[in-house]
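The following exercises are to be worked through with the sequence and the model in view. Each task is followed by a solution in steps.

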Amino acid sequence: MLSTLNNNNNTEDEFVEEEILNQQPHENHNNGQLKSFVNQYGIVRPRISKINSIKNHLNRFYNTISCICIINSLLDRIPIIRCLKEYNLRKNLFYDVNAGFTIAIMHIPQGMAYGILTTLPPVHGLYVSFFPVLLYMIFGTCPHLSVGTFAVISLMTAQAIDGVPLQSFDTINNQSYTTETVSDVMIINEKLGIATTLAFLAGLIQLILSFLRLGCLTVYLTEPFISGFTTGAAVHIFSSQIPSIFGIQSPRHVQGAFKLPRFFIQLIDSIIKNINWISTTIAFTSIIVLFIAKKLNDRYKSTLRIIIPSELILVIIGTLISHFTKIHNLHGVPVVGPIKQGLPLPTVPPFKHISYLIVPATTIAVVSLCISISIGKMLSRKHNYKVSSNQELLAYGISNVVSSFFQCYPSTSALSRSVVLEGIGGKTQLASGFSCILLGIVLVALAPLFHSLPMACLAATIIVNLKGLLYQIKDFVFYYRISYMECAHQYANMKILRFDESLYACNTPFFKRKFYELIGIELRQEPIISYKKKNLNKTKEIKCNYVVLDCSPFNFIDTVGVKLLIQLILSFLRLGCLTVYLTEPFISGFTTGAAVHIFSSQIPSIFGIQSPRHVQGAFKLPRFFIQLIGSIIKNINWISTAIAFTSIIVLFIAKKLNDRYKSTLRIIIPSELILVIIGTLISHFTKIHNLHGVPVVGPIKQGLPLPTVPPFKYISYLIVPATTIAVVSLCISISIGKMLSRKHNYKVSSNQELLAYGISNVVSSFFQCYPSTSALSRSVVLEGIGGKTQLAGGFSCILLGIVLVALAPLFHSLPMACLAATIIVNLKGLLYQIKDFVFYYRISYMECAHQYANMKILRFDESLYACNTPFFKRKFYELIGIELRQEPIISYKKKNLNKTKEIKCNYVVLDCSPFNFIDTVGVKLLIQIYHDLKKRGTRLCLSECRYGVRRTLELMNFYDKTSSDIIYVTTHHAVTAMKIESEINSLRSTATAQV
């Protein structure tokens, strides 16, 4: 961003720049040029021809195609096989059994609580804690992820169930003899069917995403996004549990805008009228007990081998007290009620509500993926293992699809259980298997014993477990503090500007506006009605005579950016800013493709035949040409063909003459009009239409049409094509307008142009007109022959009006071949744009890894943020010679693929000058890479970090987590320091060897 900075404030960057300049050798200043880093140290670039590069790629690809490789690939889809193969009973069994039983104890109260949250019986929460967990153990890749019930997904499931109209209500209303018990069972069964269908659909969507290898989309699920989403969901979940805390009914049918405030208004009114003091006492006592127990667990978790199962103890005590004191019967305290015993038999989910559930199922599939992948990545960074996004999608999909046949609603992982599973030492996926053993025993034998459990205890369990999510609100302040520096400096009569981003088509309007603003130039027009402040379009008193644009943040620049730097006259577009995405390469490609289709459509008129009909779908153009060639061979009209090719030659010659003599002639030769007149006269007097079947224009109405209202009965069919036409016409017109405005230095307002196109099309639709836009050929002619203002269009309309009123019928005999020739000749400029492809293809970027002695210098030509960190990590390790693959389950010749190759560098310098900013995910990745390289005996250092990047590193405590001497002012300093350190280490090694 460009912005001003107070002259009196000396920023850290100014100090650094002065330090760099002062530290340069004096001979460099004497030579008037700083010595190049490359000239100082030299570089070793791998020089591989494109042919050899392709050969290497093919060799790597075909070497992995073998029977064993295919079997290994299939076995990798079932990670439990690798886990069992590499399982160490001595090291892992105790920890997995301990962790599994502990997590099972947490599953019991949480499963029942979150089952109630979905408006289903609590036993279904226990089913979700059993079946998906068992399936994830087989197919999942994260050993510390605890799959099962979670508050957010349970709430979304409840909302999805509420969004489906229940047929059981109609049945109950129609049958007056139905008892209350029977009606409750019917409603619960229908809700259960909706929940299982929802789980099936969510799992199916996740399986489709896995098979399409779309796990890469998880890079967009950044930690700030997950933090904000789960915090908002926690607020809603907390709100939904308040009625259970006070022992009242939850307000129903509160939907729409301001749902939460209106919910709380009704809730407060209900609490005042119907509060149950016994339930309230139980709830607050439970919350206090759970908070104290969790504090004790956190405090003594390093000394205790197991945690205090506070939720389970609360559930047992609450059930016993409720059972023996009869508080449900005596005081109306809501309790869980009857719970089924045993495991459910497999049943197919009903699919009659699919149309209502597609959207919520998609949302739940994505949200559960967000939560699980974010937790998995957090734990994988801590324990340095890989979580495969595509394999995780497969695991979640199978878990949801299969468990939907066992009365389960959608499942996902829970942060609280996952953190406990990792904290008490769980080692592998088998911990989930031991959890299922204990849960199976509870379901088969102990589930009915929880009949008298107060709902207030489960609500307290949910609220206490929301603490971590609600505390995430403080992350907002942290993310808000991560900002970037001011970037405009004033020095005497000179201004130094910097734009902290690459310069390309989409940001050029903002760049131009801010550029002029910072150097004191206002680009406004004078008002039509003058007032005191005159000459607003003139320049202010400019306080600088020189402007220096620091281009160091420009990692790349496209053709539009180059033209902006040359001219600096692009317009800033307010709400019409969407047109900045209509870049010249895009318009060039679009109009060239359109020209090919237009050219194809005119070929039948050239040869005097009927155009092939009903050619639609894939490969339309090739199939069109196949039919067209067959039609030409059978039905060609040689007279029409002769007229067309003669017309094309004449028009080409006339246009060449116009181009050659346009500087001397004040008008151009109207070649198209002359061709139309001559063609009409020849056709009329020779009767070629009647004698030789040459297609002609036919009868033309005389006069202007009367205004008529367009029929609107086809609107539903025309919405999509109308939108497409509106956008395409805007593309064409704005691109032509920008091209001409650059040449003549005036402003084209996109908003005003949109208004003009809209009024033109709307009004002209009442006069039998189809959609209009501008044409490049006519616009270039209008500009070339000296048109000065919009009035040229008015004079054009006068002549066209005369033609329509008096002369239109005279063109009855005009051959269609003449019109086709006119169109084709005017397409020449658009078809010639195909050569632009070669030009755009040649624009690329430089190599970004250099080798020097035992050191590698890397550069990543982009800022580092959540969405590109996976690519950055993969490429980083690839460039320094480290492969991050697992060993195959079935071994073959190429062993130890996960081990490091012979590393040719002991030092890695990461040139951070292209990093205009870095986010929290990028900082965490750098910390992870630093520690990983340190274990491998390689030192990482950063150079040329900008102030904004350094500030983010400081806020993230980067130096405390890595090293205080990891950052150097320049790459030159980093290389020098690493070189000295390497020499010292070499001397130490020599001295040690001698001793």
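**Exercise 1. Determine how many cavities of 30 Å³ or more the structure holds, and describe the lining of the largest cavity.**

Step 1. The structure, a predicted model, holds four cavities of 30 Å³ or more. A cavity is a set of points, on a 1 Å grid over the protein atoms alone, where a 1.4 Å probe fits but cannot get out; lining residues have an atom within 4 Å of a point. A volume is the space filled by probe spheres set on the points, which are joined across faces, edges and corners.

Step 2. The volume of the largest cavity is about 60 Å³.

Step 3. Its lining includes Ile103, His107, Val133 and Ser435. Two helices, α7 (89-117) and α21 (430-446), each supply at least two lining residues, and α21 gives the most, with three. Helices (H or I, at least four residues) and strands (E, at least two) are DSSP runs, numbered from the N terminus.

Step 4. Sorted by class, the lining has six nonpolar, four polar and no charged residues. Here Ala, Val, Leu, Ile, Met, Phe, Trp, Tyr, Cys and Pro count as nonpolar, Asp, Glu, Lys and Arg as charged, and the others, Gly among them, as polar.

Two conventions apply to the exercises. Residues are numbered from 1 along each chain as its sequence is written, and side-chain values use heavy atoms, with hydrogens and water left out. In this predicted model, local features need pLDDT of at least 70 and side-chain atom pairs count only at pLDDT 80 or more, while totals for chains, interfaces and linings use all residues.

**Exercise 2. Identify the helix that gives the largest share of the nonpolar patch, and classify Val763 as buried, partly exposed or exposed.**

Step 1. A nonpolar patch on the surface, with about 1,000 Å² of accessible area together, has among its members Val709, Phe712, Leu755 and Val763. Patches are made of residues with over 30% relative accessible area and no salt bridge; nonpolar side chains (Val, Leu, Ile, Met, Phe, Trp, Tyr) are joined within 5 Å, and like charges within 9 Å. Accessible areas come from the Shrake-Rupley method with a 1.4 Å probe, and for residues only the protein chains shown count as cover.

Step 2. The largest share, four residues, comes from α33, in which Val763 lies.

Step 3. Val763 is partly exposed because its relative accessibility is 45%. Buried means under 20% relative accessible area, exposed over 50%, and partly exposed in between (1.4 Å probe, protein chains only).

**Exercise 3. State how many salt bridges the structure holds, and examine the pair Arg874 and Glu878.**

Step 1. There are nine salt bridges in the structure. A salt bridge is a side-chain nitrogen of Lys or Arg within 4 Å of a carboxyl oxygen of Asp or Glu.

Step 2. One of them joins the side chains of Arg874 and Glu878 (3.9 Å, N to O).

Step 3. Both residues lie in helix α39 (residues 869-879), four residues apart, about one turn of the helix. An α-helix has 3.6 residues a turn, so residues three or four places apart point the same way.

Step 4. Arg874 is partly exposed, because its relative accessibility is 49%; Glu878 is partly exposed as well, with 45%.

Note on methods: 1 Å grid on protein atoms, 1.4 Å probe; cavity = no way out; pocket = protein on both sides within 12 Å on 5 of 7 lines; lining within 4 Å.
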